[in-house]
Amino acid sequence: MTPLVVADHVSKWYGQVIGLNDVSVSIPPGITGLLGPNGAGKSTLLKLLTGQLKPSKGSLTVFGEPIWANPALYFRVGFCPEQDAFYDRMTGLEWVSGLVRLNGYSDKEALDAARAALEEVDLLAAADKKIGGYSKGMRQRVKMAQALAHNPELLILDEPLSGMDPIARRRTIRLVKDWAKAGRSIIVSSHILYEIEAMTSNILLIHNGRILAEGDVHSIRDLIDEHPHTVHVRSDHPRELARELLRRDDVLSLKLEEDAVEIQTSKPDSFYRYLTELAASGEAGGIAEVTSPDDNLQAVFKFLVK
Amino acid sequence: MSTETPDSIVSAPPLAAPNAGRPIPKAPGAVTAALRVFELSLGQMLWSRRTIFLGIVVGSPILLGLLVRILEFMGVAGTLKMGGASVSGDAAFGTMMWLLYLRFLVPVLGVFYGTALIADEVDDKTITYLFVRPIIRAAVLVGKFLAYVVTTIFVVLPSVVVLYLLVQPLGGGSLGAGFPRLLTDLGLLALGLVAYGALFALVGAWMKYPLVVGLVFVIGWEQLAMALPGYLRKLTIAYYLQSLVPHAMPTDGLGSALQSLFRDTPSPSVSILTLIVASAVFLALGGWLVQRREYVLEQ
């Protein structure tokens with residue numbers, strides 16, 4: 001298979017700080033997960049892959065061409081950035097169609113493409129609402145809509161599940177898989193292995209600006225399972241939620257906050273599945289947001305680089 | 001450069017299948033791209049906090065003019081005086097044009113908007129969405145510059161007209177007689193907004209602390225150079241802009257007195273041509289810099 005992305009001894013410095021250190025990697029078509037803790041170099045790599053930054057050293061090609069200063073490649077690449085940044089006064093439809101017009105679409109074509117993309121991420125009902133009034137999960141989805149509205153071959157998603165509620169998470173994971181089945185390639189970053197694993201087994205492990213491992217990395221799974229995993233769940237009824245969760249054997253500790261519960265679990269897979277079912281049933285009230293601090297991975301990565 | 005929509009896009013493609021194996025649409029030309037960035041940015045800029053603040057600033061002299069008119073109507077106010085001397089409404093309006101608009105508002109607006117054209121998008125982290133589109137990056141700067149010009153003209157010029165209607169008739173001044181001068185005022189203010197905006201768009205694209213550099217230029221350099229004899233004044237925008245003003249220059253202080261003393265004015269055609277060419281050069285250089293520069297967003 002011809003690789004989509006080829007990085008050859010790529011390094012990136014921000015002044016004296018090194019963001020990426022001599023990375024050589026080939027990313028094949030399909031779904032590739034980029035996994036690493038905060039500050040590992042995930043965002044730097046994705047910014048290089050999307051031509052926002054220029055490599056300080058080495059070469060990087062996407063579809064066989066350098067992407068820096070090569071805007072024509074953006075017909076084939078869609079990018080959903082990590083930052084929660086928007087033109088808040090615009091509606092979702094205005095924003096997505098305004099951006100896709102920059103891809104050469106006429107007004108009508110842009111509106112059609114934007115509506116189709118918003119429908120794809122299940123946001124069509126809120127298309128005419130201002131983005132400033134969107135929930136965190138809706139904002140994540142409208143970001144994805146702008147990335148896929150021009151129907152790119154390669155989608156690059158930076159922490160796309162961050163801040164989503166369990167049901168939106170599950171739906172987004174399914175969407176990513178569907179996009180891949182439809183012929184798109186997707187590079188998706190996260191600091192949560194369970195999120196990445198739900199989408200693909202092809203993983204790039206990144207830490208301290210270096211690729212530690214790539215491919216089907218089952219071996220780190222066992223390592224990660226040895227460490228308790230912290231999950232922060234924002235809920236309308238944290239007490240009811242806490243009561244439900246305390247019944248589980250895998251919950252090692254629980255901290256009740258004003259509008260949230262923080263749990264340490266020894267079985268993250270099973271816990272996430274249970275949380276999704278709980279959210280869908282509505283038994284413990286609404287679950288607004290699920291986040292996982294990236295120190296979950298830190299311990300594992302520290303072990304791996306020893 | 002094409003302003004046409006590419007023919008290759010007939011309708012939005014279905015999302016189920018990506019672009020693979022199909023003709024890729026042609027990139028929008030630089031002019032089309034700049035106009036589309038303009039359309040995307042205009043609403044944001046018009047309703048930004050900066051523009052609301054600008055509205056308050058330009059609204060203040062209007063309120064003052066309104067107050068004077070009410071007092072005059074009620075017979076409370078006497079004749080209009082400046083520095084102890086009675087002045088006509090026409091002279092008062094001319095003084096306001098000089099002191100408020102030409103020496104203060106237009107350069108300061110140029111600094112605050114021009115330096116922020118790209119910086120605001122970088123600070124808000126929304127620049128990413130524009131830079132991952134198949135358009136040249138320079139079009140982003142030009143599109144945002146057009147949005148700045150329309151926004152500031154939309155706020156500043158109507159305020160000048162309202163101020164004229166309020167102040168000009170004071171002391172028996174004629175609205176009709178002063179109208180040609182009002183048109184000149186509006187034209188030169190628009191030209192000033194373009195020239196200062198283009199200069200500071202370049203500064204914003206080039207320097208790390210553009211706001212400081214911009215303020216030093218308009219408050220320090222321009223005032224100093226204009227008060228000195230010789231050629232230095234030709235390296236200011238004020239030199240060309242002030243030559244177009246149809247009102248007498250006020251002598252309100254040492255700076256103004258020195259400027260009056262050494263004043264030499266280029267012809268209106270030279271001034272207009274210089275300002276237009278300089279603006280185009282500033283924008284072209286700014287676009288060139290944006291094209292090459294990396295913008296690192298803070299995490």
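Predicted model: local features only at pLDDT ≥ 70, side-chain atom pairs only at ≥ 80, totals over all residues.
Two strands count as paired when DSSP finds at least two bridges between them.

Four strands of chain A make an open sheet in the order β12-β13-β11-β14, and their pairing is antiparallel. At the edges lie β12 (251-256) and β14 of chain A, each of which pairs on one side only. On average, neighbouring strands in this sheet are turned by 20 degrees against each other, direction ignored.

β11(A) pairs with strand β13 (residues 260-265) of chain A through six bridges, in the antiparallel sense. Here A:Val233 stands opposite A:Val261 of β13(A). β11(A) also pairs with strand β14 (residues 287-291) of chain A, again antiparallel, over four bridges. In that pairing, A:His232 has A:Thr291 in β14(A) as its bridge partner.

Which side chains of β11(A) point to the buried face? They are A:His229, A:Val231, A:Val233 and A:Ser235.

**A second sheet in chain A**

Strand β1 (residues 5-14) of chain A runs antiparallel to β2(A), and A:Val5 stands opposite A:Ile27 in β2(A).

| Strand pair | Sense | Bridges |
|---|---|---|
| β11(A) and β13(A) | antiparallel | six bridges |
| β11(A) and β14(A) | antiparallel | four bridges |
| β1(A) and β2(A) | antiparallel | seven bridges |

**Two helices side by side in chain B**

Now turn to chain B. The axes of helix α6 (residues 138-167) and helix α7 (residues 175-206) of chain B come within 9 Å and cross at roughly 150 degrees. Angles over 145 degrees count as roughly antiparallel, so α6(B) is roughly antiparallel to α7(B). The crossing of α6(B) past α7(B) is right-handed. Residues of α6(B) in this contact include B:Leu141, B:Phe145 and B:Val149, while those of α7(B) include B:Leu182, B:Leu186 and B:Ala190. The residues of this contact divide into 20 nonpolar, two polar and one charged.

**Where the two chains meet**

How many residues does each chain bring to the contact between them? Chain B contributes 39 residues and chain A contributes 41 residues. On the side of chain B that touches chain A, α1 (30-46) and α5 (127-131) of chain B each supply at least two residues. α1(B) gives the most to that side, with six residues. By class, this side of chain B has 24 nonpolar, eight polar and seven charged residues.

How values were computed
Residues numbered from 1 in each chain as written. Chains lettered and ligands numbered in written order. Axes fitted to C-alpha atoms, helices over the stretch in contact; angles between N-to-C directions. Parallel < 35°, antiparallel > 145°, perpendicular 65-115°, else oblique. Left-handed = near helix turned anticlockwise from the far one by under 90°. Contact = placed C-beta atoms within 7 Å. Nonpolar A, V, L, I, M, F, W, Y, C, P; charged D, E, K, R; others polar. Buried ≥ 20, exposed ≤ 12 C-beta atoms within 10 Å, placed from the backbone.
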